Amino acid sequence: MVPTITAAMTNSQEPHTLTHKLRKPLVEKLSRERINSSIEQIKSLLGPEFLKQQPDSKLEKADILEMTVCVLRRLQQQNEKQRKLLNHVNKMQCSSDKNLREADFSLLSSTVQTSITKEKSPVNSAPWRPW
């Protein structure tokens, strides 16, 4: 005798197990479809990179994922180099700005000193007249 759904429902655990058994293949199929879709998107985004590596061969999913990891690592290294270069440039600019401020202050200080010296000098001092 073949068990029926009503016979399977006599035990409280069996409906859950039956539902699980029916849903599992569907869930796995949807999961595979998502994975395949994502791999296809990666393949289309990185198509030129894949052509450089293996121009005539058919790529398996594992190949696509491995090559993607390589591309991402290379991009990460380039990004790190650019970040270091930008930090270096910023440090140089800050240092340069500081030197310019010090030079401006020094120039301003010497100008003020010269101006004060001229004002104290009796030879150059003339009475101030508003007219």
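The patch consists of K29, R32, K43, K58 and K61. Patch members have over 30% relative accessible area and no salt bridge, and like charges are joined within 9 Å. A salt bridge is a Lys or Arg side-chain nitrogen within 4 Å of an Asp or Glu carboxyl oxygen. Lys and Arg count as positive; charges are placed at NZ of Lys and CZ of Arg. R32 lies in helix α2. R32 is classed as partly exposed because its relative accessibility is 46%; buried means under 20%, exposed over 50%, and partly exposed in between (1.4 Å probe, protein chains only).

The model is predicted: local features require pLDDT of at least 70 and side-chain atom pairs pLDDT 80 or more, while totals for chains, interfaces and linings use all residues. Residues are numbered from 1 along each chain as its sequence is written, and side-chain values use heavy atoms, without hydrogens and water.

The chain has four helices and zero strands, in the order α-α-α-α from the N terminus. Helices are DSSP runs (H or I) of at least four residues; strands (E) need at least two.

The largest nonpolar core has seven residues: I39, L46, F50, L59, I64, M67 and V71. Helix α4 (residues 61-120) gives the most to this core, with three residues. Such a core joins buried nonpolar residues through side-chain atoms within 4.5 Å. Across the 131 residues of the chain, 9% count as buried.

Notes. Patches are made of residues with over 30% relative accessible area and no salt bridge: like charges are joined within 9 Å, nonpolar side chains (Val, Leu, Ile, Met, Phe, Trp, Tyr) within 5 Å. Accessible areas come from the Shrake-Rupley method with a 1.4 Å probe; for residues, only the protein chains shown count as cover.
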